[in-house]
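Here is a short briefing on one protein chain. Look over the sequence and the model first, then read the points below.

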Amino acid sequence: MRKELLEKVKDVIKRDELDTSCRAQQMVYQRAFIYHLMQKHGYSLTKTGELFNRSHATIINGLNLYNSIKNDLVFLDYVSSYVIEFEDFLYVTPSISKLSKIEEAVLKCQNYFELCQLQERIKNGEFSTKATK
């Protein structure tokens, strides 16, 4: 699956000219989205930087940007087409046996409504890890 992601990223970088020096907000946000995706799939900062013709320090900056804007409506609008295009690569499912109960519950959610229900279960203390005396 990593190889398919790499090929897809290369195609998108070329198609959308993401390896240029353009600092337009949309392109910066799209790059940050892909930096995050590459990191989730275990690619090094150096390898990711090579794809975009950037240094590892720039990739770190982009990852920090991603973490600060990942819920921003403008960001989500700019990367919405990428979410669809990279849908097969968005979720890296670790071995279920190593997951906590809450992690398992999150991974089983199929839509926004189920995530909202899970949020209520968390608020009600269903997944509390505090020891009871």
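**Charge, fold and selected residues**

The protein chain carries 19 positive and 17 negative side chains. The centres of these two sets lie 7 Å apart. The model is predicted.

**Overall fold**
- The chain has seven helices and zero strands.
- Its pattern along the sequence reads α-α-α-α-α-α-α.
- The C-alpha trace spans about 60 × 30 × 25 Å along its principal axes.
- Take the contacts between residues at least 6 apart in sequence: 65% of them join residues at least 24 apart.

**Surface and burial**
- The protein chain exposes about 9,300 Å².
- Of the 133 residues in the chain, 30% count as buried.

**His36**
- His36 sits in helix H2, which covers residues 25-40.
- Is His36 buried or exposed? His36 counts as buried because its relative accessibility is 18%, and the cut-off for buried is under 20%.
- Which residues does His36 touch, leaving out those up to four places away in sequence? The partners are Leu63 and Tyr66.

- Most residues other than glycine have a negative phi.
- Glu17 has a positive phi, near 55°, and is not a glycine.
- Glu17 lies in the loop between helix H1 (2-16) and H2.
- Asn53 also has a positive phi, of about 60°, although Asn53 is not a glycine.
- Where is Asn53? Asn53 lies in the loop between helix H3 (45-52) and helix H4 (56-69).
- Asn53 counts as exposed because its relative accessibility is 61%, and the cut-off for exposed is over 50%.

**Cysteines**
- How many disulfides does the structure hold? The structure holds zero disulfides.
- Cys109 is in no disulfide. The nearest cysteine sulfur to that of Cys109 belongs to Cys116, 9.3 Å away.
- Cys109 is buried, because its relative accessible area is 19% and buried means under 20%.
- Cys22 has a relative accessible area of 31%, so Cys22 is partly exposed. That class lies between the buried cut-off of 20% and the exposed cut-off of 50%.

How values were computed. Residues numbered from 1 in each chain as written. Predicted model: local features only at pLDDT ≥ 70, side-chain atom pairs only at ≥ 80, totals over all residues. Heavy atoms only, no water. Helix = DSSP H or I, 4+ residues; strand = E, 2+ residues; numbered from the N terminus. Buried < 20%, exposed > 50% of the residue type's maximum accessible area, 1.4 Å probe, protein only. Contact = heavy atoms within 4.5 Å. Areas by Shrake-Rupley, 256 points an atom, 1.4 Å probe, with all protein chains shown as cover. Lys, Arg positive; Asp, Glu negative; His and termini not counted. Charge placed at Lys NZ, Arg CZ, Asp CG, Glu CD. Disulfide = S-S within 2.5 Å.
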